[in-house]
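Biologist: Let us go through the terms used for this model and ask what stands behind each of them.

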Amino acid sequence: MKYSYVAFDSDGKKIKDVVDAENEAAAIYYIRNQELSPVSVTPYKEKAKNFWEIEIMEPDVHKLKMKKKHLMQFADKMSIMLRAGVTLSMAMDVIVTSEKNRRYKKIYRAILTDLYGGASLADSMRTFDAFPEVVVNMVASGEKTGKLDWAFEKISILYEKELSLNGKLSSVFTYPAFLIFLMVALFVVMTTIVLPKFSSMYADFGADLPAITKFMMALSSFMIHYGWLLLLLIVAAIAGFILCLKYVSGFRNKVSQIMLRIPVYGHLSMVSNTCNFSQIAAALLQAGVEVVDSVRIAASVIKNRHISSAVKESLESVEQGAQLHTALQKLNIFEPLFISMIMIGEEASMLPDTFQKMADLYEAESSEAARKLTSILEPLLTLIIGLVIAIMVVAIILPMFNMYSVILQ
């Protein structure tokens, strides 16, 4: 609920503003914590907005999402301030004041209001979709153990590593994507602009055309008359594929399985997902979260749906008393080295450290797998582009030799 208030600061300056609070007492508590002297606090009445002031489809603040990069920056700032001895409420107040993003500012202000109302930080963050379960659990553990600064530091490091790994994986496909775009653009230009000009010239001359030239001319004619239909079908197919991935779990799992079987890329997907899984599990276990909860939360972050759902299902046997490495081994998904290290970690009661070492190992292996995939994709696509160009050039040049022989006769 919103409350409008009138207050004076230490210099006697009159201040009018609006605050979100559960009740009037919480609003007064917030105002006084701003070192202000409240004069009046009344329920806020929304004023009618003109057309230019209306916020179209403004979502509920609790439903807003937050980018991982911003979560990392938020955790880093909180860690620094808390380590310096700043109180939690004051640290959140600084975050609210310094935040430039309007939507994020609303989230932080709502959390600050909850803190002034007596809620814990983790309980408040749990009501917002902006904060993933892994963040909420680590904050809750930090509050419980009195190591909230450490929890925020681990969250910052966790997202920093994840963003770094995602950046490396994205860079693998940047240049190949450019080459594919270049190839498609070249194909469209050649079939819709260049080839039609030669086609009319050859038709006027009346020479017999080679089979490859006839094929390219037919393809050019199809692109000119039905290219829009082909584009429409491609867009519809892509849209249908994306919708099935999003809403059909069986289809999504099947595609995830197929992705793991693709040569070279499958290995990259496997090691990168194992790296993310290990990093999150290590962070949660180090924060004091139970093994089953840590693995479940870590599994929910895995991008490959087949691996994610399989790990979650395996936890049922762990809850019934089975060891974690035994449950994971039965999935036949993870590499033997990973399973063996988890087994050693369980037997030595060093599971958090084991997951961390596996995360570091697979992070390095992900970088190497990404490099190998790049070294294969780039020359392969370059070769394909060269082949397409060669076919088109041959299709254009061959009839010219026929025309030359006819002229000589």
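Modeller: This is a predicted model. A place to start is the aromatic cluster, where ring pairs link F74, Y108, F128, F131 and F152.

Biologist: How many aromatic pairs does the structure hold?

Modeller: There are 15 aromatic pairs. One of them joins F277 and F334, with ring centres 5.8 Å apart and planes at 25 degrees.

Biologist: Why is the pair of F277 and F334 called stacked?

Modeller: Ring centres have to lie within 6.5 Å for a pair, and planes under 30 degrees apart count as stacked. With centres at 5.8 Å and planes at 25 degrees, F277 and F334 are therefore a stacked pair. F277 belongs to helix α10 (residues 265–286) and F334 to the loop between α13 (324–329) and α14 (336–347), so the pair ties together parts 57 residues apart in sequence.

Biologist: Are F277 and F334 buried or exposed?

Modeller: Both F277 and F334 are buried; the word stands for a relative accessible area under 20%.

Biologist: Which residues touch the most other members of the largest nonpolar core?

Modeller: That core has 91 residues, and those with the most contacts to other members are I107, F131, F152, F277, F334, F338 and F355. Helix α10 gives the most to this core, with eleven residues.

Biologist: What does F131 touch?

Modeller: Leaving out residues up to four places away in sequence, F131 touches M66, L71, F74, I107, Y108, I111, M125 and V136. A second, separate core has eight residues, among them M190, L195, M216 and M217.

Biologist: Now the charged pairs. What makes R83 and E153 a salt bridge?

Modeller: The cut-off is 4 Å between a side-chain nitrogen of Lys or Arg and a carboxyl oxygen of Asp or Glu. For R83 and E153 the N to O distance is 3.5 Å, and the side chains meet in a salt bridge. R83 lies in helix α2 (residues 68–83) and E153 in helix α7 (residues 148–205), so this pair ties together parts 70 residues apart in sequence.

Biologist: Why are R83 and E153 called partly exposed?

Modeller: Partly exposed is the class between buried, under 20%, and exposed, over 50%. R83 has a relative accessibility of 48%, and E153 has a relative accessible area of 32%, so each falls in that class.

Biologist: How do you know that E133 forms a salt bridge with R296?

Modeller: Their closest N and O atoms are 3.1 Å apart, and the limit is 4 Å. The pair links distant parts of the chain, with E133 in helix α6 (residues 133–145) and R296 in helix α11 (residues 291–301), 163 residues apart. E133 is partly exposed at 37%, and R296 is partly exposed at 31%.

Biologist: Where do R371 and E368 lie?

Modeller: Both are in helix α15 (residues 351–408), three residues apart, which is about one turn of the helix. R371 and E368 form a salt bridge, with 2.6 Å between the closest N and O atoms. Salt bridges that share partners also join E133, D293 and R296 into one network. By this rule the count comes to seven salt bridges.

Biologist: What makes β1 and β2 a pair of strands?

Modeller: Two strands pair if there are at least two bridges between them. Strand β1 (residues 2–8) and strand β2 (residues 14–20) have seven, in the antiparallel sense. The bridge partner of S4 in β2 is V18. Five residues lie between the strands of this hairpin, in which G12 takes a positive phi near 85 degrees.

Definitions and conventions
Residues are numbered from 1 along each chain as its sequence is written. This is a predicted model: local features need pLDDT of at least 70, side-chain atom pairs count only at pLDDT 80 or more; totals for chains, interfaces and linings use all residues. Side-chain values use heavy atoms; hydrogens and water are left out. Helices (H or I, at least four residues) and strands (E, at least two) are DSSP runs, numbered from the N terminus. Buried means under 20% relative accessible area, exposed over 50%, partly exposed in between (1.4 Å probe, protein chains only). Rings of Phe, Tyr and Trp (its six-membered ring) pair if their centres lie within 6.5 Å; planes under 30 degrees apart count as stacked, over 60 as edge-to-face and the rest as tilted. A nonpolar core is a set of buried Ala, Val, Leu, Ile, Met, Phe, Trp, Tyr and Cys residues joined through side-chain atoms within 4.5 Å. Contact means heavy atoms within 4.5 Å.
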